Amino acid sequence: MKKILGLITSVMLVGVLLAGCVSSGASGNSSEKQSKGDNDKIKIAVVPKLIGIPYFNSSEEGAIQAGKDLGVEVIYTGPTEADAAQQVKVIEDLISQNVDAIAVAPNDAASLTPVLKKAKEQGIIVIDWDTPADQSLVELSVHQIDDEAYGRHFTQTLVEQMGTEEGEIAIVTGGLSAANLNTWIDAAKKEMEENYPGLKLVTDKIPTDEKQQVAYQKTLDLMKSHPNLKGIMVFSTPAPLGVAQAIQEKGMQDKIAVIGGTLPKDSIPYLEDGSLDMAVLWEPDKLGYLTVSLAKDLVEGKKPENGQNIENVGGIELWKDGKTVIMGPPTDFTKENAGDYDF
């Protein structure tokens with residue numbers, strides 16, 4: 001009997017020890033995760049369409065400043081060209097760095113879906129900024145402006161600068177796959193169809209690979225092919241400068257109106273002589289700041305609210321879908337006010 005009781009006792013003891021080992025392993029993982037949250041800085045990656053152009057340089061300044069102000073580590077990195085394949089590699093690398101959140105401005109939303117899905121599966125919070133990604137994967141979509149209002153504003157402003165509601169016009173864009181550019185262009189066309197039937201598009205939208213020099217050359221070709229052209233809308237930050245450069249070189253300031261979404265500081269030489277009539281944009285440094293601020297909140301389990309005031313940015317709008325955030329209305333930059341801005 002004693003032998004039987006001894007055997008039962010031994011089995012129970014082994015079971016308790018095994019249970020203790022399992023429990024210890026589980027709590028060890030939990031402790032490690034907790035320790036990371038307590039002792040390490042939150043790590044937020046911000047991925048622009050490309051690095052090295054003034055618009056995204058300004059966004060970087062805002063993102064880095066937010067990191068300093070909010071006490072989080074910000075990694076601002078992206079491809080050197082507006083190339084979807086390069087952007088995928090950048091995000092793969094960020095996943096391996098075990099960042100807490102990735103905020104991306106896709107060159108081609110569909111191309112990023114697999115790698116963003118991989119990030120989510122590894123527990124990384126995914127949001128988009130500047131340009132929408134696959135909405136089924138992002139927890140927030142940070143927009144600089146209301147896309148439809150922005151596109152319609154381009155058409156309305158171009159008509160004002162042309163001084164007529166009739167005539168031949170063209171649309172120049174940074175790239176054919178960029179979702180935000182295409183959304184703005186669609187809204188601009190919608191405004192034309194609904195309110196300005198006298199405007200005639202002379203060609204399909206003209207891509208420029210987000211390069212000023214390409215925009216310059218294609219505008220020269222455009223003016224040569226369409227000598228009666230009266231207006232050009234340009235959706236991109238480098239391209240308006242190339243378009244204006246061509247207008248300036250050919251002395252067409254009084255014949256062709258140009259509206260472009262570019263930075264005021266870069267626009268001044270063209271705004272002053274009328275080769276660019278108006279730049280319409282927002283403050284990209286604030287967009288970078290807002291993106292990091294909202295990403296930090298998400299990592300900490302806090303979601304944005306409609307009308308919430310973000311320090312150093314201002315009040316934001318949250319749409320009913322619970323994920324679309326609008327930073328604010330666009331700003332018109334002219335020769336009179338462009339010098340007031342430092343970006």
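Student: Phe 56, buried or exposed?

Tutor: Phe 56 is buried, with a relative accessible area of 4%. Buried means under 20% relative accessible area, exposed over 50%, and partly exposed in between, with a 1.4 Å probe and protein chains only.

Student: What kind of model is this?

Tutor: This is a predicted model, in which local features need pLDDT of at least 70, side-chain atom pairs count only at pLDDT 80 or more, and totals for chains, interfaces and linings use all residues. Residues are numbered from 1 along each chain as its sequence is written, and side-chain values use heavy atoms, with hydrogens and water left out.

Student: How many aromatic pairs does the structure hold?

Tutor: There are eleven aromatic pairs. Rings of Phe, Tyr and Trp (its six-membered ring) pair if their centres lie within 6.5 Å; planes under 30 degrees apart count as stacked, over 60 as edge-to-face and the rest as tilted. For Phe 56 and Trp 129, the ring centres are 5.8 Å apart and the planes are at 85°, so this pair is edge-to-face.

Student: Which parts does that pair tie together?

Tutor: Phe 56 lies in helix 2 and Trp 129 in strand 4, so the pair ties together parts 73 residues apart in sequence. Helices (H or I, at least four residues) and strands (E, at least two) are DSSP runs, numbered from the N terminus. Trp 129 counts as buried, at 0% relative accessibility.

Student: Which residues do ring pairs link into a cluster?

Tutor: The cluster linked by ring pairs consists of Tyr 55, Phe 56, Trp 129, Tyr 150, Phe 154, Trp 184, Phe 235 and Trp 282.

Student: Back to helix 2. What span should it have?

Tutor: Helix 2 has 17 residues (54–70) and should span 24 Å at 1.5 Å a residue; its end C-alpha atoms are 24 Å apart, which agrees. The expected span is 1.5 Å times one less than the number of residues. Just after helix 2, Gly 71 takes a positive phi of about 75°.

Student: What covers its buried residues?

Tutor: The cover includes strand 1 (43–47), strand 2 (73–76), strand 4, strand 11 (278–281) and helix 10 (284–299). Contact here means heavy atoms within 4.5 Å.

Student: New topic: where does Asp 128 lie?

Tutor: Asp 128 lies in strand 4, residues 125–129. Asp 128 is buried yet has no salt bridge, and the nearest side chain of opposite charge, Lys 323, is 7.7 Å away. A salt bridge is a side-chain nitrogen of Lys or Arg within 4 Å of a carboxyl oxygen of Asp or Glu. Lys and Arg count as positive and Asp and Glu as negative; His and the chain ends are not counted.
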